[in-house]
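Visitor: I am new to reading protein models. Could you take me through this one, step by step?

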Amino acid sequence: MRLGIYVHPWDLADEGAKTVLHKLASNGIEFINLAVSYHSGRFFLPHNPRRKIYNAEEGVVYFDPARMNSMNSRIHPIKSKCYPSKDILKEAVDTAKEYSITVNAWTVCLHNAVFARDHSELAVENMYGEADPNLLCPVKSDSRKYVASLISSLGADYEVGEIELESAFFPSSFLHGAHHEVMGIRITPVMSYLLSTCFCQDCITNAKGKGIDLKDARDRAIKLIHDEIMNQAKIINPEAVNDSDLTKNLKQSGFEDIMSYKKAVSRDLLSEYSEAANQSGTGISIVSTSKGLTGSGIDLDFPSGRINGLDLIAYFQNISDIRRDVAAIRKNVPDHTPIRAGININYPYAYNPSRLNQSVEAALSGRADSIIFYNYGWATENIIEELNNLR
Ligand SMILES: [Zn+2]
């Protein structure tokens, strides 16, 4: 079992790469997934020596994008303004060698509110024709060129283990956690899937080429949402959550066409992304929750070994859910594709020794190949030291 951990760039910059990597290596960590392109957030950092509450910038990169050739894409990477003169990825890669730690480039791709604001014509377009404020459509040629050039540049300019892609496919779900995000209606998993589906003109045209009528699917999606809202008054117990099999429910609701479309697009994107990575001497992996994989339409067959691994986010308070989730995905992923189970070491998950041990055991009994902890900066120092006892 190999152990890895997610690290945010400000952790390394503020604490010092040497301090962090030494601490991680002495507690059994063999690889880090370092965020090199990241979205905004508001975080409490218990052991950061420079700041306690950090408001991360939206949609910036923490490497030097100067040499990145965006292949005529309308979007270009934006360098962090908080760390303008630092190349945190280079520092991490150089220092990690001393500790035999592999650095993977954890790369948030199309989730970027700055790009979506400046180029609303590239944003995901919902069934009502409205542009998403945070997410770009992966089918647009500017989006594809941007992601491919991010991959090529990271692979060619830095000695990274692999490039871990986040939000490089269709959106994973509808609810997003935006400022004051409130929905006064019940959002079932099927509604979430449909409300996060892109129906832009490029998607309609692309789907047509694949023999799928996305316009017709859009009309049916609008009707389903309307009917759900009109029937909401009949819900007797608001606590009862319809959380059963999303794929089955989508089929029953007649949306196999949208699923086929998303799957076909994910295969196209996987081959473009993996080619860009292979040409620059590296490979790609994917990070997602199990539900997110369905929402994004990611093809779990991962055709012809196109990815190095899947980081399956298994953040569950109920520890038995970790085993169930990992085992369910393991069944559908080819044996040659490793699954790294994402275990959250922050409150209210694996925040103490007994929950940590049980969570790791649950992931391994679900046949995870290795473990990736989330994440260094939010975790308390004592739980990081506890990782040493897992060996
Ligand atoms: Zn689209």
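This is a predicted model: local features need pLDDT of at least 70, side-chain atom pairs count only at pLDDT 80 or more; totals for chains, interfaces and linings use all residues.

Visitor: Which residues is Tyr273 in contact with, leaving aside its neighbours within four places in sequence?
Guide: Tyr273 is among the residues with the most contacts inside the core. Its partners include Ile151, another residue on that list.

Visitor: Are α12 and α13 roughly parallel or roughly perpendicular to each other?
Guide: Helix α12 covers residues 319-332, and helix α13 covers residues 353-365. Their axes come within 7 Å and cross at roughly 20°. Angles under 35 degrees count as roughly parallel. Therefore α12 and α13 are roughly parallel.

Visitor: How do the residues of the contact of α12 with α13 divide?
Guide: On the α12 side are Ile319, Ser320, Ile322, Arg323 and Val326. They meet Arg355, Gln358, Ser359, Ala362, Ala363 and Ser365 in α13. The division is five nonpolar, four polar and two charged.

Visitor: Is Glu381 buried or exposed?
Guide: Glu381 lies in helix α14, residues 381-386. It has 10 C-beta neighbours inside 10 Å. A residue with 12 or fewer counts as exposed. So Glu381 is exposed.

Visitor: How far apart in space are Glu381 and Pro46?
Guide: In sequence, Glu381 and Pro46 are 335 residues apart. In space, C-alpha to C-alpha, the distance is 8.0 Å.

Note on methods:
Residues are numbered from 1 along each chain as its sequence is written. Axes are lines fitted to C-alpha atoms, for helices over the stretch in contact, and angles run from 0 to 180 degrees between N-to-C directions. Helices (H or I, at least four residues) and strands (E, at least two) are DSSP runs, numbered from the N terminus. Angles under 35 degrees count as roughly parallel, over 145 as roughly antiparallel, 65 to 115 as roughly perpendicular and the rest as oblique. Two residues are in contact if their C-beta atoms, placed from the backbone, lie within 7 Å. Ala, Val, Leu, Ile, Met, Phe, Trp, Tyr, Cys and Pro count as nonpolar, Asp, Glu, Lys and Arg as charged, and the others, Gly among them, as polar. A residue is buried if 20 or more other C-beta atoms lie within 10 Å of its own, exposed if 12 or fewer, and partly exposed in between; C-beta atoms are placed from the backbone. A nonpolar core is a set of buried Ala, Val, Leu, Ile, Met, Phe, Trp, Tyr and Cys residues joined through C-beta atoms within 7 Å.
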